[in-house]
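Please have your viewer ready.

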Amino acid sequence: MYENFKVYSTEFAGRTLSVEIGKMALLANGSCLVRYGETAVFCAATASAKPRDGIDFLPLSVDFEEKLYSVGRIPGSFTRREGKPTDKAILASRVIDRPVRPLFPKDMRNDVSVVCTVMSVDPDCSPEIVGMIGTSIALSISDIPWEGPISGVSVGYVDGEIVLNPTAAQAEKSEMQVTVASTADLVAMIEAGANEIPNDLMFDGIMKGHAENQKIVEFIKGIQAEIGKEKFTFETSDPDPEMFEAIKEFAIEDVRAALDTDDKNVRDERLLPVYDAVHAKFDELYPEMEMKIDECMYKLQKYVVRRWLLDDGKRVDGRGIDDIRPLSSEVGLLPRVHGSGLFSRGQTQVLTIATLGPVRDAQLLDGIDSEETKRYMHHYNMPSYSVGETRPSRGPGRREIGHGALAERALLPVIPSEEEFPYAIRLVSEILSSNGSTSQGSICGSTLALMDAGVPIKAPVAGISCGLITEGDRFMTMVDIQGLEDFFGDMDFKVAGTHKGITAIQMDLKIHGLTPEIIKEALEKTYKARLYILDEVMLKCIPEARAEVSKYAPKMLTTKIHPDKIREVIGSGGKVIQKIQADCECKIDIDDDGNVFISAIDAENAKRALMIVETIALDPEVGAVYKGRVTRLMSFGAFVEIAPGKEGLVHISKLDVKRVEKVEDCVTVGDEVIVKVTEIDDQGRINLSRRDALIEIEGLTPEDNGEADRPRKGGRPGFKNKH
């Protein structure tokens, strides 16, 4: 039935990679099923026969579809169907998109769609890497014009060794998680999270990943040579060269004058009359080609900026090649939030707000990996006003999700553990103004907000971007690129880290790839730049995390009880824990291991709840002091409940530091009193003393050195305050 069905296999990082072609989705332009271990991802690529009108970009979509059947789970939604893509699926789509997109013809406008469907997941074999390789194969063997193939590999650092495609156990303890994509000779994409890894080690990891990729690229070339289809021809969108030269001659000086400023608003205002003049002259010469004329103007601006950089070493705003725009930092802007930080770099401005919550506020995840909750969350918002535009807010798009994840990855290595800081942490970066590398600005603003919130981060983190201009064998890198240099340049190489090392990398390219020399230079320049940002700006604003969290933040206390005692703390139908929460105005979370997390706005309420929980779970100890509630009065004393289900007797002689004639004269039912455990008999009965607790806690003492219970002439003995 499947006459053209073929299977190809090779070794990839010590395991077998196999590709099945000619059996599934035969109506797609190109398709394949890729297996690696027990991971299986099906990839299909399709393209429209005609270009889409009215656009000036390649309409490429890459979708990474997580199917919960791949891990033997039924979706938890009401409909029991997969819903919108998870954040991790969106991030996987972006990781595949970035190395693939630059290899399409720049002048093609045909719709192209790539779908990677995760059908089976082996935790030791990343479906993201398999999807990237499957995308490369599907495009390579299709008739869609594309200048691949590429390959991708995951790089870890485990026990002092660089590991390719680490297993789940290795990834758990790896000091870095780097995805490297490569063409036949260049590094096409880098995505990294790392635990303060130095530049040289990161570079070595990238190069080892790149070397492994070369083997898979050659493997795919062999498949393409055997069964690949001839690429179809497409209608080019490039404007006529004569049109471009005519517009260039007419407007180049005006464009140079308009671009020569460090203010984006001024630049945009200067360009408007230039566009008007160009259209006034050329619309009649080239009727119904207004979009082509605008494309010529775009190409002309790109030509001017790149010539300035390559020929004159001149940047649009007059800075030196490695100069950073003016920087400023500020904390504590918003009085009622738990922490806030404002970071500005030129016309890029980011306000990040930190919110602390109980651990129950951790995000629940429903994806194909083993992670079920996320305690630290970073969200990124970029409203239209940040770039001076008008459009309604429709929630975060893929770009916003990607930038938030990058900042989250950059800061994760310095976030204290749950044991050190038992809070859920949410950061929200609001982009107030955008003119280049807002994602790195959000990392800086987030560090400020965390420190302002009193989060004891292990080290401050800063981020900066490095740009690139290439021409043949010539290249030039520049630090802190603004929007125009990003639009017209070849690279946005973003690196975040501490004084010690790198915590995150994200590399966006418009060219086919980078040489090792460019990567090394970018790492060195961003290292120097982020140290300057940390030392000269951020740490001068707030040198260390605040000693205490905000008075508006919940106060967190933790303890650990034996799992067998959890039932007693919760009580029948939750009555005990609900009563503790109501009485102490707090929230209590207990996990299956017996870890207890107590949060309350009032620290004293949290301490009281902690004491009650420990009293229930741990047998009271002689000498411990508790705050309890009087439950019953007897002629010989009062019974006091020190915790739900735990009650003790305060004998009348131990009710006060002075003599008590009647129990009712000293306490009534419902009174809250402090008591000290004086004895626990062999039957588990608890004897308490209010008298001893008053002496120990409040500093009261009888005048007769403890003989207050003995009758004496002249009436009842008195007492005095030691202090």
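Contact here means heavy atoms within 4.5 Å. Helices (H or I, at least four residues) and strands (E, at least two) are DSSP runs, numbered from the N terminus. Angles run from 0 to 180 degrees between N-to-C directions, with axes as lines fitted to C-alpha atoms, for helices over the stretch in contact. With that in hand, helix α8 (residues 398-411) lies across β16 and β17 (424-433), at about 140° to β16. Helix α9 (residues 438-452) lies across β11, β12, β13, β16 and β17, and runs at about 145° to β12.

| Helix | Residues | Angle and reference strand |
|---|---|---|
| α8 | 398-411 | about 140° to β16 |
| α9 | 438-452 | about 145° to β12 |

This is a predicted model, in which local features need pLDDT of at least 70 and side-chain atom pairs count only at pLDDT 80 or more, while totals for chains, interfaces and linings use all residues. Residues are numbered from 1 along each chain as its sequence is written, and side-chain values use heavy atoms, leaving out hydrogens and water. The predictor's confidence in each residue, pLDDT, goes from 0 to 100. It averages 92 over the protein chain, and 97% of the residues score at least 70. Over residues 704-723, however, pLDDT stays under 50; the model has 38 contacts for them beyond four places in sequence.

Now to the strands. Two strands pair if DSSP finds at least two bridges between them. The order β11-β12-β13-β17-β16 makes an open sheet of 5 strands with mixed pairing. Since β11 (327-331) and β16 (376-381) each have a single partner strand, they stand at the edges, so one side of each has no neighbour in the sheet. From one strand to the next, the twist averages 15°. Strands β12 (residues 339-345) and β13 (residues 348-357) are antiparallel and share 7 bridges; S344 has Q349 in β13 as its bridge partner.

Helix α14 (residues 603-617) reaches 21 Å from its first C-alpha to its last, close to the 21 Å expected at 1.5 Å a residue. At its start, a side-chain oxygen of D602 comes to within 2.8 Å of the backbone nitrogen of E604.

Lastly, S18 is found in strand β2 (residues 15-21). S18 counts as buried because its relative accessibility is 13%. Leaving aside residues up to four places away in sequence, S18 touches Y8, S9, L33, V34 and R35.

Terms used:
Expected span 1.5 Å × (residues − 1). Polar contact = N/O pair within 3.5 Å; in protein donor to acceptor, adjacent residues only side chain to side chain. Buried < 20%, exposed > 50% of the residue type's maximum accessible area, 1.4 Å probe, protein only.
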